[in-house]
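Open the model in your viewer and keep the selection panel to hand. The tour goes from one selection to the next.

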Amino acid sequence: MTTSSELNMPEIAMAEKEAGKWGMVIDQDICTGCQACVAACAMENNIAFVGEEDSGYGRAMHWIRIERFWEGEYPEVKMTNQQPMMCQQCGSAPCEPVCPAFATVHSMAESLNLQVYNRCVGTRYCANNCPYQVRAFNWRDYKRPEPLPNQLNPDVTVRRVGVMEKCTFCIQRIFKAQDQAKAEGREVMDGEFTTACAQACPASAIVFGRVDDPQSLVSQLKERSGGKTHLKELGTLPNVTYFNGG
Amino acid sequence: MIKKIFDWLKQPLGLIAVGIVFLAVFSAAAYGIYLTQQAPEQPVPEFPHQTHVAFGIQCLYCHPGASKGPAAGLPSQSKCWACHNQIQKTVDSAKLAPLKDAVINGESLEWIPVAIVPDFVQFNHRAHIAAGRNCEECHGDMSKVTIAENPQVMNMGWCLDCHIEAAGEDQEKLIKLSDCGTCHY
Amino acid sequence: MSEQFSRRDFLKLAGLGAATTAVLTGCGPASRYVTREPYQEMPEYNYVGQSTYYATTCRECAAGCGLVVRTYQGRAIKTEGNASHPLNLGKTCARGQATLHGLYNPDRVQGPSNGDWDAAIQLVADALKNNKPDEIAFLMGMAPDHLFDLVTDMANATGMNAPVRYGALGMFEARATLSKAAEALFGQAGLPFFDVGGAQVVLSFGANFLETWLSPVSYTRGFAGLREAKTKMRGKLIQFEARMSATGGKADEWIPLRPGTEALVALAIGRLAAEIRGGSMPRAFSSVDPLDVAARSGIKLEALEHIAEMVAHSSGVLAIPGGAALGQSNGQAVAEAVLALNAFADNLGKPGGVYLSALAPSQSDYSRPASAREMQEFVEKMASGAFKVLFVHGVNPVFELPASLGFKDALGSVEQVISFATFPDETAAEADFVFPDHHGLESWGYQRVVTGTSLPVLSGAQPVVSPYYNTRATADVLIAAAQIAGGAFAEALPYTDEVEFLQTKVSALMNEADGSFSALDAATFMAYFQQHGGWWKNTDSRLAPASSILNSNIDAAEAEFAGEGEFFLVPFVSPTLAEAGANKPWLQELPDPTTTVMWNTWVEINPETAHELGIESDDVVRVISEVGEVEAAVYLYPAIRPDTIAIPFGQGHTAYGRYAENRGANPANLLSVHFNASGDLAFAGMKVKVEKTGVKRPLSRLEGLGVYGGEGIELH
């Protein structure tokens, strides 16, 4: 077996350069909190349902969730704009350096935060260190009674107990589109594919694409004024930009 | 308590006991591993790959998915039977009776895959064919075997060795081909 | 760590244990022993390892959105919206996504309850033949689909009772009231279409159009259009309701008026706006006194004036009546008063205004689902023994109708009840026979799109996978039974099967001009119909007749409330589960958009009120109406009037599979039988009492730390 230094492997990245590759823009002003994205994500990514009791313990495995907050008191009460929250695919991700098993690593090729299920030993350090709290842990082997497994997506690994998981930006769709484009001898076009959440969203509040391509829709939307990234002060360099309208 | 156990284990008798237990476990494990390396019993017990290859049938004729997508696939029974029912020898052959019965009764043959990767690996045949790999580089020379056998253990080191070789001096390609996310998601 | 058991020893022992475990279990991946079955015969449109996509229609609600379903080796993997379908333009709601959990639900009805389809068809044939036509009744779901047409054809030819369509969503939407109000506005019955996307200021009186109302995907797209400032200013939404719905949560201004005063408030705004604008006072607004309305509704006069200012001066004002506002004794007056605001804003038939929805292709007039009063008449006929045989398809009336209507008891007076249910629901449990239909993704069909798009759309459905269980299309069962029954039945349905029936109906559209596609022969037309997921005309066919509503009198009395109790009751449809989602596990695990509660029923109470009553979060309370009571845990809801409580509808099943059964409570058990002038149930016209039970049962919810103790998501 050859070692990594002999092979001239790239150093494991603790910090990524500022611009990511894939990114999202979310318009909270038109998000209605309808949960279509949450359901679409669960169906695409083989996410297990955990039942009433475990979800009461906060073990529900939503890769994307919709946050809403209350402001003021009755009758001047206001629901803040819904905030879909998923893995922000940080350029400098706090989850990555704390993984003792190198299961939470940065993809240099796609500029995404990966979760390698077969390496994960379930220390949950990454979830502890994630300021966005978007990681979900398989506390049990959540069973799908027959014939529910027929629905499982063959492009996504079915996770077992003791494994951490999180939003992947539908990496299987990225690869499928890249593979298709390569087979046809061209580049992936903007809008050719999108993530499950963005595809379902009835309000089109979620837009996904290449943030390193200034021509892409997501880049153009991102350049509008008023966008913000969450917990920017932590220096995580997230790749999801939020617009709060008005 | 635990100290007592260790003390007992350090006695000669204890050491022998440990040795016996270790040997038992080791040989059981070795036998288990040996079993996994045996070619499994297939529904058509002596399916002769070599004969098919000898007739000049291309791999992709029966496994066409390999050039199009992730799975190479198995030929449908009707595809097998379309040829075989035109050959008197195979129509009457006892060895092919399972196929004939399955076609007549509308039942399925249950093949046991030989070359497989674990669930957490997302393997794509198409990309490998497109990169100029030939079937036999991974699956061995089918003109020499009856039931398919794996010429090597398909583990990650084996995958990576080839990936790194394929990348050569191209840094960008190396990054892509050694990225965890390329296969695991 | 104790003296005897040092860290070093522990590591040694742990190491030995780990090594043993590794050796014993590490003999290779479990999938070493999988088997693979090739196709016996490869479908010609399939390819090894490649996904195949089919266009069909979503059957989770009656809206009729187009779907494209990804299938892989004969299994349905994922639903997406059909991007070319005019209603949903490639989008879906959560229920559309989770329809796969219905298809592969572990608790489906797996075959005919008598075990044999031939015997089942004979039984249906006997039921048709041996009873007088007017002793046979059909109760169907809300969707105006091919099966409804088939049964209607049968009824027309044989004198059988015309099929009745009903659904709880229609009841909570008060569709009969909307239709009646449209008649008052336009002189023509129909379902109004509100062009939210083109409006500037939307006044919504209880309309939950971002949740389950009429056509939620289409209205959500409209809402995005209202908000997005591309070609116009960002539009505003003002919501009038006693309990903040998920739609109200998106409003720029949420105005908690006293239940029952919606009509008065609408007229008062109209009057104030007319005064600001000057000129003659429309007759509709003339009799109302804004000061009095302010006092009765609990809205400050300044607030009314501020809204009237907007109505008077903005262009693109749109007023929408809906939801609980219509489900009251004065519901029809509410609808008319709100529609009068549109007439005042002069938006009828204009972009950003009100239209009458386009009729679907080959449809001559609007046929709405039955109102609650019509259902009461239906139940009375059942109870009197007028029906000897009742067929039920696509609806679960035992659960969806208020218990006080007595449907369940009346079933006992019908000699033979035959259910075509796909799932073992409460009605199927009461039926004599269950002859299960395929799941929607396994079925042929078409469905008329009733509202939500400007085009007339006939949405097409085809099986995306072959039936998983021993089920049979109800249309096929009826056609076969009609052949056996002979006579007028056989003449009414001269088809070999469902597909031939569909071809006959669909190919009638071939000669229509300006369609989304055309073909020269019926077979090609049908193939295109399946491929495109339907057929639609390319012309905007919404109607906009003139209106004289401003010159009519609107009797805007306050609503009357039934029962004694200190609280107004607002039952609302769960935005994620709706009426039939409770058996899909991932829908159960979706947090409610406003409360984030999962997997159960809750009672929303204002925190101040709860404090006064000594009720805390998660306390189980008993809600008592004049006809029933339900128990559920309390959710302290900051955006509800102190004199109002609210309960979601969708849970509380006593059957319907493992994920739905014995979970939560059904507020329909609280509803008593009172109607508004249009015959819709006054479901929001109840007053109820609340009692403590002394039991505490934590609600599973997304917000806050895990309520069971333990980990949870701390919303930062």
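**Helix pairs in chain C**

This is a predicted model. Start by selecting helix H5 (residues 146-158) and helix H19 (residues 474-485) of chain C, which pack at an angle of about 20° with their axes 10 Å apart. Angles under 35 degrees count as roughly parallel, so H5(C) is roughly parallel to H19(C). The crossing of H5(C) past H19(C) is left-handed. Now show side chains. From H5(C), the contact takes C:His146, C:Leu147, C:Leu150 and C:Met154. H19(C) answers with C:Thr474, C:Ala475, C:Leu478 and C:Ala482. Sorted by class, the contact of H5(C) with H19(C) has 6 nonpolar and 2 polar residues, and no charged ones.

Next, select helix H7 (residues 175-186) and helix H14 (residues 331-344) of chain C. Their axes come within 9 Å and cross at roughly 45°. That angle makes H7(C) oblique to H14(C). Look at the handedness: H7(C) passes H14(C) in a right-handed crossing. On the H7(C) side, pick C:Thr177, C:Leu178, C:Lys180, C:Ala181, C:Ala184 and C:Leu185. On the H14(C) side, pick C:Gly331, C:Gln332, C:Ala335, C:Glu336, C:Leu339 and C:Ala343. The contact of H7(C) with H14(C) counts 7 nonpolar, 3 polar and 2 charged residues.

Move on to helix H10 (residues 262-277) and helix H13 (residues 301-313), again in chain C. The two pack at about 60°, and 8 Å separates their axes. H10(C) is therefore oblique to H13(C). The crossing of H10(C) past H13(C) is right-handed. Select C:Ala268, C:Ile269, C:Leu272, C:Ala273, C:Ile276 and C:Arg277 in H10(C). Facing them in H13(C) are C:Leu304, C:Glu305, C:Ile307, C:Ala308, C:Glu309, C:Val311 and C:Ala312. Which classes make up this contact of H10(C) with H13(C)? There are 10 nonpolar and 3 charged residues, with no polar residue.

**A backbone stop in chain C**

Center on C:Ser362. This residue lies in the loop between strand E11 (354-356) and helix H15 (372-383) of chain C. Check the phi of C:Ser362: the value is near 60°, positive in a residue other than glycine. Most residues other than glycine have a negative phi.

**Zoom out: chain C, then chain B**

Show chain C as a cartoon. The chain has 24 helices and 23 strands. Along the principal axes, the C-alpha atoms fill a box of roughly 90 × 85 × 55 Å. Chain C has a radius of gyration of 27 Å, in agreement with the value near 27 Å for a compact globule of 716 residues.

Switch to chain B. How many helices and strands does chain B have? The secondary structure comes to 12 helices and 0 strands. Trace the sequence and the pattern reads α-α-α-α-α-α-α-α-α-α-α-α. The radius of gyration of chain B is 24 Å, well over the 16 Å that the globule rule gives for 185 residues, so chain B is more spread out than a compact globule. Its C-alpha trace spans about 75 × 50 × 30 Å along the principal axes.

Color chain A by pLDDT. The average is 90, and 92% of the residues score at least 70. Now select residues 1-16 of chain A, where the pLDDT is below 50. Beyond near neighbours in sequence, this stretch has 18 contacts in the model. Where pLDDT is low, the predicted coordinates should not be read in detail.

Go to A:Pro75, in the loop between strand E3 (70-71) and strand E4 (78-79) of chain A. A cis peptide bond joins A:Tyr74 to A:Pro75, with omega about 0°. Then go to A:Pro147, placed in the loop between strand E8 (136-137) and strand E9 (164-165) of chain A. Here the peptide bond from A:Glu146 to A:Pro147 is cis, and omega is near 0°. Most peptide bonds are trans.

**Last stop: where chain A meets chain C**

Show chains A and C together. Here 46 residues of chain A are in contact with 56 residues of chain C. On the chain A side, helix H1 (36-44), helix H2 (51-56), strand E2 (64-67) and helix H5 (196-200) each supply at least two residues. Which element gives the largest share of the side of chain A that touches chain C? H1(A) does, with 7 residues. By class, this side of chain A divides into 25 nonpolar, 13 polar and 8 charged residues.

Conventions: Residues are numbered from 1 along each chain as its sequence is written. Chains are lettered from A and ligands numbered from 1 in the order in which they are written. This is a predicted model: local features need pLDDT of at least 70, side-chain atom pairs count only at pLDDT 80 or more; totals for chains, interfaces and linings use all residues. Two residues are in contact if their C-beta atoms, placed from the backbone, lie within 7 Å. Helices (H or I, at least four residues) and strands (E, at least two) are DSSP runs, numbered from the N terminus. Ala, Val, Leu, Ile, Met, Phe, Trp, Tyr, Cys and Pro count as nonpolar, Asp, Glu, Lys and Arg as charged, and the others, Gly among them, as polar. Axes are lines fitted to C-alpha atoms, for helices over the stretch in contact, and angles run from 0 to 180 degrees between N-to-C directions. Angles under 35 degrees count as roughly parallel, over 145 as roughly antiparallel, 65 to 115 as roughly perpendicular and the rest as oblique. A crossing is left-handed if the near helix is turned anticlockwise from the far one by less than a right angle, and right-handed if clockwise. pLDDT is the predictor's confidence in each residue, from 0 to 100. The radius of gyration is taken over C-alpha atoms; the globule rule is 2.2 Å times the number of residues to the power 0.38.
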